[in-house]
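Student: Hi! Could you help me look at this structure and talk through some of its contacts?

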Amino acid sequence: MAGLRTLDLRIPSELQHIEGVVAAVVHRCAGHAFDDRQLALNLPVALTEALSNAILRGNGEDSAKEVRVRVELTDDAVIVEVEDDGQGFDLDACTEDPTTPENIEREDGRGLFLMRALVDRVENFRGAGNVVRLTLRRPGHAA
Amino acid sequence: MPLHVSRQGDVVIVEIEGQLIVSNRQELKQRVLDEAETGGRKILVDFSRTGYIDSAGLGVLVSLAKRLRELGGDIRLANLNDDLQTLFELTKLDTLFQIADSKERALETF
């Protein structure tokens with residue numbers, strides 16, 4: 001059963017691979033007591049943001065560089081780690097509030113905000129590369 | 001993300017099938033700007049067959065709204081499911097767009 005609780009993927013740093021990774025991760029979580037909204041909105045959007053950041057900012061869309069994704073289903077949550085070869089960033093300093101009057105009409109600046117709004121925990125740390133870790137708890141398993 | 005484009009009167013209806021995300025947002029942007037260039041400046045985006053939207057997809061909608069309003073046109077959104085409605089509320093973009101629960105109601109607001 002351990003194999004069904006983890007998933008490891010590696011993709012070139014190309015945006016076209018995002019949908020496939022998201023679909024694979026959502027598929028792996030289906031049937032593990034997450035609710036419909038978590039699988040249709042929270043996880044797909046937060047993971048898309050993490051992958052997009054890794055591809056565009058971390059790896060500068062250099063297709064020779066890989067983005068590594070590790071998924072672990074625990075008893076109460078799914079933990080997804082997205083790792084790139086970038087220098088990392090300060091999560092708090094980089095998170096803007098896109099809902100303020102001065103930001104609402106900006107085209108960019110919503111990615112980290114959405115990530116943090118849609119999953120229970122977002123962490124950023126150095127592993128072999130720069131890692132963003134998303135934790136989404138199953139309903140009824142609040143931290 | 002297939003785009004299905006049709007016209008009703010002077011309104012261009014763009015139906016987005018699948019996800020609207022960073023990898024395909026330019027396709028929507030270019031298609032709408034192409035329509036605007038040829039006079040189609042009232043745009044109705046129909047989300048009835050849309051899955052999820054990321055920040056880049058939301059950003060393109062914001063950008064298109066600004067451009068269309070500069071040109072004297074506007075944009076309306078229709079048929080957002082509950083998840084997508086939540087996304088617009090979280091980001092307060094529900095205050096920037098007129099959102100209708102059907103194409104017909106959206107058409108009435110132009």
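Tutor: Happy to! Keep in mind that this is a predicted model. We can begin with a pair in chain A: the side chains of A:D108 and A:R106 meet in a salt bridge, N to O 3.0 Å.

Student: Is A:D108 buried, exposed or partly exposed?

Tutor: Buried means under 20% relative accessible area and exposed over 50%, with partly exposed in between. A:D108 has 45% relative accessibility, so this residue counts as partly exposed.

Student: Which helix of chain B holds the partner of A:R37 in the pair that crosses between chains?

Tutor: The side chain of A:R37 meets that of B:D83 in a salt bridge of 2.7 Å, N to O. On the chain A side, A:R37 lies in helix α2 (residues 36–58), while B:D83 belongs to chain B's helix α3.

Student: And is B:D83 buried or exposed?

Tutor: The cut-off for buried is under 20% relative accessible area. B:D83 has 17% relative accessibility, so B:D83 counts as buried.

Student: How many salt bridges are there between chain B and chain A?

Tutor: One of them joins A:R37 and B:D83. Another joins the side chains of A:E107 and B:K29, at 3.7 Å from N to O. The count between chain B and chain A is two.

Student: Which element gives the largest share of the side of chain B that touches chain A?

Tutor: β5 (50–53), α2 (55–70) and α3 (82–90) of chain B each supply at least two residues of that side. The largest share is seven residues, and the element supplying them is α2(B).

Key
Residues numbered from 1 in each chain as written. Chains lettered and ligands numbered in written order. Predicted model: local features only at pLDDT ≥ 70, side-chain atom pairs only at ≥ 80, totals over all residues. Heavy atoms only, no water. Salt bridge = Lys/Arg side-chain N within 4 Å of Asp/Glu carboxyl O. Helix = DSSP H or I, 4+ residues; strand = E, 2+ residues; numbered from the N terminus. Buried < 20%, exposed > 50% of the residue type's maximum accessible area, 1.4 Å probe, protein only.
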